[in-house]
Amino acid sequence: MIRTRPNGSNNVAGNEHPLVELSHVEKHFGKLHVLKDINLKVGKGEVLVVVGPSGSGKSTMCRTINRLETIDSGTIRIDGQLLPQEGKDLANLRAEVGMVFQQFNLFANKTILENVTLAPVKVRHMDKKEANDLGMDLLARVGVELQANKMPSQLSGGQQQRVAIARALAMKPKIMLFDEPTSALDPEMVNEVLEVMINLASEGMTMICVTHEMGFARKAADNIVFMADGRILEKGTPDEFFDHPKTDRARDFLSKIL
Ligand code: ADP
Ligand code: MG
């Protein structure tokens with residue numbers, strides 16, 4: 001059973017700073033201008049869904065937030081702190097941001113449990129027993145605890161993606177980024193992954209999700225951002241965006257996808 005979440009209940013209150021803040025972010029790949037004056041605030045507990053046509057810069061924007069991509073100018077703050085350029089500070093701040101990709105990228109030669117415990121032990125210096133307990137808790141939370149000692153190749157795509165979510169959660173991130181987490185899955189496995197995401201949202205996790213799953217967006221998002229050609233063209237609640245898109249680009253996009 002999918003739990004719904006009261007929309008908009010957890011938005012940034014009063015003077016509290018946003019958990020993620022992008023300000024005038026610009027990014028080129030060579031001559032290609034991929035992010036154009038991106039301004040975005042995501043409050044604590046907010047679920048932001050990012051939609052837009054292929055090539056509009058959605059993945060690049062996500063990747064700048066945990067510094068998998070550098071930016072040309074502008075600023076990115078995580079929980080009020082400027083994203084450092086490099087070194088230990090960057091590693092620490094990056095650990096605050098969990099990321100789940102289209103391709104689950106589990107370590108093929110590690111068990112499911114090891115996939116989840118590796119980073120807490122190596123990066124957070126958690127002791128093995130504590131990491132195993134945490135790992136089993138997280139695997140239970142995403143419904144794959146019975147697979148703990150199997151290898152990734154023995155699991156279905158949906159199960160592997162749920163493990164990837166557990167692995168990201170093991171670092172106790174403040175924010176979770178999802179970049180089309182269900183796009184590589186067989187259709188019958190999409191819902192089991194979306195359900196995990198909806199539960200996470202209802203538990204108050206701050207999330208940025210790039211997805212084409214409009215049912216999920218309606219149900220789970222506090223806000224929707226529509227990107228096209230490297231720009232944010234619209235930001236609004238799901239009702240505003242789906243029922244009253246303001247731009248022709250968004251109307252055109254929605255007519256193709258809905
Ligand atoms: P989206 O996720 O919305 O489909 P992307 O952020 O992946 O868009 O890509 C935005 C644009 O940047 C596209 O034109 C893409 O081809 C280009 N691009 C993405 N990554 C790279 C890269 N590493 N080098 C060069 N161009 C890239
Ligand atoms: Mg993408």
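A helix here is a DSSP run of H or I with at least four residues, numbered from the N terminus. I start from that because I want to know which helix meets the ligand. I keep in mind that this model is predicted.

**Entry 1: the shell around ligand 1**

I looked up which element gives the largest share of the shell around ligand 1. Helix 1 does, with 3 residues. I then listed the residues around ligand 1; they include Phe29, Leu32, Val34 and Pro53. Ser54, Gly55, Ser56, Gly57, Lys58, Ser59 and Thr60 are also among them. By type, I found 4 nonpolar, 6 polar and 1 charged.

**Entry 2: polar contacts**

Which residue reaches an oxygen atom of ligand 1 with its side chain? Lys58 does, through an N or O atom at 2.8 Å. Gly57 uses a polar backbone atom, 3.0 Å from a ligand oxygen. For Ser56, a backbone N or O atom lies 3.1 Å from an oxygen of ligand 1. Next I checked the cover: ligand 1 taken alone exposes 560 Å², and the protein buries 59% of that. Two elements give two or more residues to this shell: strand 2 (32-42) and helix 1 (58-65).

**Entry 3: nonpolar cores**

I turned to the largest nonpolar core and found 53 residues. Among those with the most contacts inside it are Leu139, Ile165, Met176 and Phe178. Helix 6 (residues 190-202) gives the most to this core, with 8 residues. A second, separate core has 26 residues, including Leu19, Cys62, Ile65 and Leu90.

Leaving aside neighbours within four places in sequence, Leu139 contacts Ile112, Leu113, Val116, Val144, Glu145, Ala148, Val163 and Ala166.

Conventions:
Residues are numbered from 1 along each chain as its sequence is written. Chains are lettered from A and ligands numbered from 1 in the order in which they are written. This is a predicted model: local features need pLDDT of at least 70, side-chain atom pairs count only at pLDDT 80 or more; totals for chains, interfaces and linings use all residues. Side-chain values use heavy atoms; hydrogens and water are left out. A residue is near a molecule or strand if one of its heavy atoms lies within 4 Å of it. A polar contact is a pair of N or O atoms within 3.5 Å; within protein, one must be able to donate a hydrogen and the other to accept it, and residues adjacent in sequence count only if both atoms are side-chain atoms. Accessible areas come from the Shrake-Rupley method with a 1.4 Å probe; for residues, only the protein chains shown count as cover. Ala, Val, Leu, Ile, Met, Phe, Trp, Tyr, Cys and Pro count as nonpolar, Asp, Glu, Lys and Arg as charged, and the others, Gly among them, as polar. A nonpolar core is a set of buried Ala, Val, Leu, Ile, Met, Phe, Trp, Tyr and Cys residues joined through side-chain atoms within 4.5 Å. Buried means under 20% relative accessible area, exposed over 50%, partly exposed in between (1.4 Å probe, protein chains only). Contact means heavy atoms within 4.5 Å.
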